[in-house]
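I opened the model today to look up its confidence, its sheet, its cores and a few single residues. My entries follow in the order in which I made them.

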Amino acid sequence: SCSRSRACAMTNVFAPADRTPTPGVKSTPAVLRLDDGTIFEGVSIGYNGGAKGCVVFNTAMVGFPEALTNPEQKGLIVVTTWASWVTFTVKTPEKDSLGLCAGFESEHVAAEAVIIPVVTIDPDDEQAPEGHLTVLQWFKENKLPAITGLNTRALVKHIAKHGEMRGEVFVGQTAKQIEKMPLPPSPRLRVERKRPPSPLGRLCHARPEYALAADEDLVAPTSTSDTKVFMPEGDPSVHVGMIDLGVNAGLIRYFVRLAGAKVTLLTANEKPDMGLYDCVVVSTGPGNPAQHPKMIEWIKEHVSDLTSKPLLGLGLGCQIMALAIGCTVQRLHLGQRGTNQPVLDLRTHNCMTTTQNYGYAVDSSSLPKNWATLFTHVNRGTCEGIVHESRPFMGLLFRVERGGQPCDT
């Protein structure tokens, strides 16, 4: 059978990188096994528990606490490509004036696990000052599995060649023990794709892919369970209804503090009453946009009415908007994840540095009449934003607020 052949298949095992062990850290073995059977060995420096998720790499060099607490990371095992982490302290979460966690994107770590090339412990940081945790303490406090000493160069090259796929972290077990374990059947989605005649063709999966299960809902555990209201200082300039698909705190701060808006945060399944708001924002979030048929249908109805109020889709919200207007949205071979991503504004031809974290791209060649591409990625040539030519409807894939990232946008 298929599962039998997968279990008996030859396994590639990558030994730990030839690096000096992290001083002060107990050498508990840890293993990452990818869904194709490839195994990478390392050392645990975080929570002594396992994790499952889609293995991706992120090229950011700063903003790790913000990145790991961003709800967009739900369901992901994040590999950082920045060569070395010098341990730093993380402030114990405190509420800001809006009731949000200051310095973080949510109240909890969203990533399933993190993989770091090298961690160097500064002797001065072995004991965190009052009100702070060392980053290693922070990992354990938040029950975040973390691996170092792993051959991240080989891992990133493997992902770049074969595409993002599911993986599992094992702590306290060796590669020899994991090799004897059968590979999991599902959840994985194997879909044959034909390359479309568009810039996405060379970037999307054109072979059977290993991905998250089609029925895995990543929005439900990250979205608010009840309506919340955030007020600016002084009279609000506008009332924004924000549909929470896994919104990060920085986006709420952006609208309230910089735009002076009153923000009403709505649940993921709530159909907004447009009479109450000046505009609606469909937020960022994790997962597959096709898993939200009710939201797709609502946006389709909204944009078909030429008298409708302004609508803005961000990240996952932009992908859902694209599906609602009839665009093709495809899973990328490699997602766009990291900072310093160059985006070109097609109106002004100005280039902006942005932060991005998404795995599905909008095929600009499938845009319907009266819709146009607003931004493109300079390196990849892919669509980064869409806009209606005469109505106030817009979608953006990159992050627009500042939060451990460049502030061009």
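**Entry 1: ground rules and confidence**

I am working with a predicted model, in which local features need pLDDT of at least 70 and side-chain atom pairs count only at pLDDT 80 or more, while totals for chains, interfaces and linings use all residues. Residues are numbered from 1 along each chain as its sequence is written, and side-chain values use heavy atoms, with hydrogens and water left out.

I looked up pLDDT, the predictor's confidence in each residue on a scale from 0 to 100, and found a chain mean of 84, with 82% of the residues reaching 70 or more. Residues 1–10 have a pLDDT below 50, and this stretch has nine contacts (heavy atoms within 4.5 Å) beyond near neighbours in sequence. The pLDDT is also below 50 over residues 187–196, where I noted 34 such contacts in the model. Where pLDDT is low, the predicted coordinates should not be read in detail.

**Entry 2**

For element names I follow DSSP runs numbered from the N terminus, with helices being H or I runs of at least four residues and strands being E runs of at least two. Two strands count as paired if DSSP finds at least two bridges between them.

I traced an open sheet of 10 strands with mixed pairing, in the order β13-β15-β14-β16-β17-β22-β21-β20-β18-β19. Strands β13 (228–230) and β19 stand at the edges with a single partner strand each, so one side of each has no neighbour in the sheet. From one strand to the next, the twist averages 20 degrees.

Within this sheet I followed β17 (residues 311–314) and β22 (residues 393–396), which run parallel and are joined by four bridges; glycine 313 has glycine 395 of β22 as its bridge partner. Helix α6 (residues 249–258) packs on the sheet and touches β13, β14 (239–243), β15 (262–266), β16 and β17, and its direction makes about 170 degrees with that of β14. That angle is taken between N-to-C directions on a scale from 0 to 180 degrees, with axes fitted to C-alpha atoms, for helices over the stretch in contact.

**Entry 3: nonpolar cores**

I use "buried" for under 20% relative accessible area, "exposed" for over 50% and "partly exposed" for values in between, with a 1.4 Å probe and protein chains only. A nonpolar core is then a set of buried Ala, Val, Leu, Ile, Met, Phe, Trp, Tyr and Cys residues joined through side-chain atoms within 4.5 Å.

The largest core has 35 residues, and those with the most contacts inside it are Ile299, Leu311 and Ile386. Among the elements that each supply at least two of its residues are α7 (293–304), β18 (329–345) and β21 (383–388), while the largest share, six residues, comes from α8. Which residues does leucine 311 touch, leaving aside its neighbours within four places in sequence? I found Val280, Val282, Trp298, Ile299, His302, Val303, Met321, Pro392, Phe393 and Met394. A second, separate core of 26 residues includes Phe230, Met242, Ala261 and Leu265.

**Entry 4: strand β5**

Five of the five residues of β5 (residues 76–80) are buried, so this strand is largely enclosed by the rest of the structure. Leu76, Val78 and Thr80 lie on one side and Ile77 and Val79 on the other, so that both faces are covered. Valine 78 stands opposite valine 56 and has valine 114 of β8 as a bridge partner.

**Entry 5: cysteines**

I searched the whole structure for disulfides (cysteine sulfur atoms within 2.5 Å) and found zero. Cysteine 279 counts as buried at 17% relative accessibility. Cysteine 383, buried at 3%, has as its nearest cysteine sulfur that of cysteine 318, 6.5 Å away.

**Entry 6: positive phi**

Most residues other than glycine have a negative phi. Lysine 143, in the loop between α3 (135–141) and β11 (146–148), has a positive phi of about 55 degrees and counts as exposed at 56% relative accessibility. Asparagine 370, in the loop between β19 and β20 (371–377), has a phi near 75 degrees and is partly exposed at 36%.
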